[in-house]
Amino acid sequence: MTYIAKPRLHHPSLVKNKAGYTRRDYEGAVSTLCAGCGHDSISAAIIQASYELDVLPHQIAKLSGIGCSSKAPTYFLGASHGFNTVHGRMPSVMTGANLANKNLVYMGVSGDGDSASIGLGQFAHIMRRGVNMTYIVMNNGVYGLTKGQFSATADKGSISKKGVANSDEPIDLVSLAILMGATFVGRSFSGDKHQLVPLIKAAMAHKGAAFLDVISPCVAFNNHPGSTKSYDYVREHNEALNRIDFIESREEITTSYDPGTLTTVRQHDGSILRLRKLGEEYDASDKVAAMKRVQEGMAAGEVVTGLLYVDPSPKDLHHHLNTVDVALNMLGDADLCPGPSALDRINAGLRLSDTSSPCWAASLAASSGPPSCPWPWASCSPNSAAPSRARSPWAARPWAASAVPRWALPSAYGWSCGRAARAPAWCSPGSP
Amino acid sequence: MPQAIAAVNDFVVKFANVNGSGSASANELFARSILRMGVPVSPRNIFPSNIQGLPTWYEVRVTEKGYLGRRGGGVDMMVAMNPQTWAEDVKEVSPGGYLFYDSTKPMPSSMFREDINVIGVPLTAITNATYSDARQRQLFKNIIYVGALSVLLDIDDNEIKRLFGEQFKGKEKLLDSNVKALNLGRDWVKQHVDAAAVKLKVRRADNVGDRIFVEGNNAAALGAVYGGATVCAWYPITPSSSLAEAFQAHCKKLRHDKDSGKAKYAIVQAEDELASIGIVIGAAWNGSRAFTSTSGPGISLMTEFIGLASFAEVPAVIVNVQRGGPSTGMPTRTQQSDLLSCAYASNGDTKHVLLFPEDPGECFDFTADALDLADRLQTPVFVMTDLDIGMNHRLCKPFHWDEQRAIDRGKVMTAADLDAGKTFGRYLDVDGDGIPFRTYPGTHPTKGAYFTRGTTKDEYARYSEEGAVYVRNMERLQKKFVTAAKIAPQPVRYSSPKPTRYGVIYFGSTTPAMAEALDQLEAAGDHVNALRVRAFPFAQGVEDFIHEHDRIFIVEQNRDAQLRTMLMSEFVLDGRKLVPVLHYDGTPITARFISAGIARELGQLKIVSFEKAAS
């Protein structure tokens, strides 16, 4: 039925969230994934989480790579801009997007082939840069679109649909994310909505690199006996360490629990994570303990789920780069272009001596002490009183005829900008 | 006594040094002091892919006429400071030229040549007698030879002292010690050498004017600041690394908020070139102006992403500081050999916009322009500079910025436009130029959102693999490319004083050598018109120029005549008319090479025309 467009009319009685939108406003197109695909459950969880968080639909940007999972963003958040990038390289595109506008919520969606095989390098580097985002891997251990080859997260010994046992060690993205410096790391299961939705909400509220590994069985190619990513296997081996209640900063806390069963984590934005203990003692703020517990689980064949690690006061890439509060894509000419007077000072400096790096003058210095770089135009500052630049930029091209430097001309030559017979069309810029 | 080359303000001095010995600064001081006397110089670094220990050269062409290309031929004076390369350095001196060397240790006469003039100065002995610290000995030895040369060549030592004064302002101790070293060299030569025997002299002139002296990478970085780039992502690669570093330096001075001290830019040193271009594309998709700088191998890695940006129509600016290829090639040598790999980067049918700056001045202009063009055309734009322009100081006209110029962000639909009911189709050509409107993410709560993808889509960004939809899109992209030819920098034409059937086409760093070569040809009675191509897609003026001449010489710094290939295929031309003149050994092309190449071909053509006359 995927060829049928979803009706855009909403039932008038649908409940609106605090932002004024119904749950349906967070939906996307009808899914073209296989019936029963775990990815559709994750899409539904993302829709639910976004609706419950009262985030404006267009304030989310969703990015993905290539693969079944990376198709999923078509099926949620239809009012958000989306970018289906190239295979394994979504992290760099999301990093750039985040740099351009720090004020949107970034949702990266990827798969195990996309993030652990072809894109392992970019996966690691986006975590270590601390990009403020929610990065979800829909992890099924196989390549679905190319019909069932193992991916790099397939467990050693897991049997493919064709009966072949995987002989390679699996890459555990949770361990890698923690190691690389992600500040919010969880694992969940597409079949456990009650665990997954609060995890996604908490990750979206987290102001740093948040990573969720969501085991999402592939009904077409990896849901058979012998697979360690099947519905049955994950249900049997799921070891949930905790349950999260995500409480937004403005919400009143009404539910009460027995003391001793709860750990409260207050995130930097004021939101509160209540971690309900399930059986064993587990401290999600202890990075080393988290690594140990995850590795123990792997050794025992468990699928350890829950909020595995959180740093409640993360520092993100914009913090490291000390960028201005306003989004970089909102800066105007006066902020960006230093103007002609600053350029005059720069020119003056370049007539005297050069200011480019490496500083040649500093390397002349033979005595001890820190090398210094003399910038003759060091006193210049951005032209604060920038004049209005409303004129068409095409009228002000520097490649107009006057830009030809006289001294570059062969001295014996007269030069002309056009032929006598015709108007010098290529002398001036064509109109756009 | 060998003959002695005599020249005033027109000679070449080459310094042979060991990499990492601090010689670069002293050699540059030498070049600047001549500039200060009003005499143009054109210095070039010839360096290895190495930090310390390997041979490195610095060639200074002193040229009152202002020929800034490499001259070619032997050198008039060799300052031979590297025993490793002694034999080849001595060999390179023109007969009658001069060899300047450190005469501390006696050397057998077999190490010299009879037909050149030898000037020995015991540099090591002088430094060892004066300094005890090893590092000081090494660094001041360089200043001492600058002092010695200043006497031999008549360079005004006051200019050198003024340069010291500017550099060590407020550090009088350093100033004094450098002046002392300079005078050590000067005094020794005055006492022991007949400077009049050296007939290469610098004479004060007024030919520098208000020109600036700057490296192309530095200039391109400044162009990125003026062009409004806020995101720069890069991966270190010779010869482009200093571009991103210069952008950082410029931004530190020009792009911090006065009150908060915060940065109005973001620079990321990425993990590789794939990530660099990915970050640029992500930022530009989200409405920031973004660029990366790289060289050939980086372009190879970026190719898939370049295809995405082109097909999904996302702006991106890539400054390619070309080096010798293929593969790792010659990392520290220059070439113009990435034209094809950039113009047609990506799988499938793609074409990209290339700009060809001639010097640092155009590196500034074109990098700023590229940011406008990328936003206007919603596509990747390459600034095709090279090592010769990027990493050498070059005299060029001062940077200029029009007070009235505004950032052109191209066709961007705002929330107000959407509310006013304007039709938004992300890939819908509403006015016939092939360029659609776009929206930035986060613009409007219910309108204007779309899904960006590398797959085929219809005018409203909906996924489609229908043949007709695909063809419509590809034809619109072709239309956009035609628009690009009209708004990209137009070619520059030089006409011979006499009518001629011959033309020459060239681009980029060949320019200064070409200016000199045309003078040489003209002096020999060979008249040639010239056209400098400044962008791809080619403007109509390029095709007209070709059709107006019987023979066109195409001068390039690559083996395969890449520009010629592009001209032939884009304009569907008969290749027999287009004669390649190719220089690709990794050194910058010289006027002598060009004029000799063209003169040889013209000589053959003249024979043909005689036959024609006989028939």
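Buried, in these legends, means under 20% relative accessible area. The model is predicted.

**Figure 1. Overview of chain A.** Chain A has 432 residues, and 55% of them are buried. Its secondary structure comprises 13 helices and 14 strands. Among contacts in chain A with a separation of 6 or more, 69% join residues 24 or more positions apart.

**Figure 2. Strand S4 of chain A is enclosed.** S4(A) spans residues 133-139. Seven of its seven residues are buried, so the strand is largely enclosed by the rest of the structure. A:Met133, A:Tyr135, A:Val137 and A:Asn139 point one way from S4(A). A:Thr134, A:Ile136 and A:Met138 point the other way. Both sets are buried.

**Figure 3. Strand partners of S4 in chain A.** Strand S3 (residues 105-111) of chain A runs parallel to S4(A), joined by five bridges. Here A:Met107 stands opposite A:Thr134. Strand S8 (residues 209-215) of chain A also pairs with S4(A) in parallel, through seven bridges. In that pairing, A:Val137 has A:Asp213 as its bridge partner.

**Figure 4. A:Tyr135 in the largest nonpolar core.** This core has 140 residues. A:Tyr135 is among those with the most contacts inside it, along with A:Met127, A:Phe184, A:Phe211, B:Ile505 and B:Leu567. Leaving out residues up to four places away in sequence, A:Tyr135 touches residues including A:Met90, A:Pro91, A:Met94 and A:Gly108. Its contacts also include A:Phe123, A:Ile126, A:Met127, A:Phe211 and A:Leu212. A second, separate core has 56 residues, among them B:Ala26, B:Phe140, B:Ile143 and B:Leu149. In soluble globular proteins, nonpolar side chains tend to be buried together.

**Figure 5. Two salt bridges in chain A.** Over all chains, the count of salt bridges comes to 53. One of them joins A:Glu52 to A:Lys201, with the closest N and O atoms 2.9 Å apart. A:Glu52 lies in helix H1 (residues 38-52) and A:Lys201 in helix H7 (residues 193-205) of chain A, so the pair ties together parts that are 149 residues apart in sequence. A:Glu52 is partly exposed, at 30% relative accessible area. A:Lys201 is buried, at 9%. A:Arg293 and A:Glu302 form another salt bridge, with 3.2 Å between the closest N and O atoms. A:Arg293 is buried, with a relative accessible area of 10%, whereas A:Glu302 is partly exposed at 25%.

**Figure 6. Charged pairs in chain B.** B:Arg532 forms a salt bridge with B:Glu362, and their closest N and O atoms are 2.9 Å apart. B:Arg532 lies in strand S20 (residues 529-532) and B:Glu362 in helix H12 (residues 360-377) of chain B, so this pair ties together parts that are 170 residues apart in sequence. B:Arg532 counts as buried, at 0% relative accessibility. B:Glu362 is buried too, with a relative accessible area of 5%. Elsewhere, salt bridges link B:Arg289, B:Asp369, B:Asp372, B:Asp375, B:Arg405 and B:Arg438 in a network.

**Figure 7. An open sheet of six strands in chain B.** The strand order is S3-S4-S2-S5-S6-S7, with mixed pairing. Strand S3 (41-46) and strand S7 (117-121) stand at the edges with a single partner strand each, so one side of each is left without a neighbour in the sheet. On average, neighbouring strands are turned by 15° against each other, direction ignored. Within the sheet, strand S2 (residues 10-18) and strand S4 (residues 55-63) of chain B run antiparallel, joined by nine bridges. B:Phe11 has B:Val62 in S4(B) as its bridge partner. Helix H4 (residues 134-152) of chain B lies across S2, S5, S6 and S7 of that chain. It runs at about 135° to S6(B).

**Figure 8. A β-α-β unit in chain B.** Strand S22 (residues 551-556) and strand S23 (residues 578-582) of chain B pair in parallel over five bridges. B:Val555 stands opposite B:Val581 in S23(B). Together with helix H18 (residues 562-571) of chain B, S22(B) and S23(B) make a right-handed β-α-β unit.

How values were computed
Residues are numbered from 1 along each chain as its sequence is written. Chains are lettered from A and ligands numbered from 1 in the order in which they are written. This is a predicted model: local features need pLDDT of at least 70, side-chain atom pairs count only at pLDDT 80 or more; totals for chains, interfaces and linings use all residues. Side-chain values use heavy atoms; hydrogens and water are left out. Buried means under 20% relative accessible area, exposed over 50%, partly exposed in between (1.4 Å probe, protein chains only). Helices (H or I, at least four residues) and strands (E, at least two) are DSSP runs, numbered from the N terminus. Two strands pair if DSSP finds at least two bridges between them. A salt bridge is a side-chain nitrogen of Lys or Arg within 4 Å of a carboxyl oxygen of Asp or Glu. A nonpolar core is a set of buried Ala, Val, Leu, Ile, Met, Phe, Trp, Tyr and Cys residues joined through side-chain atoms within 4.5 Å. Contact means heavy atoms within 4.5 Å. A crossover is right-handed if, with the strands pointing away from the viewer, the path from the first strand over the helix to the second runs clockwise. Axes are lines fitted to C-alpha atoms, for helices over the stretch in contact, and angles run from 0 to 180 degrees between N-to-C directions.
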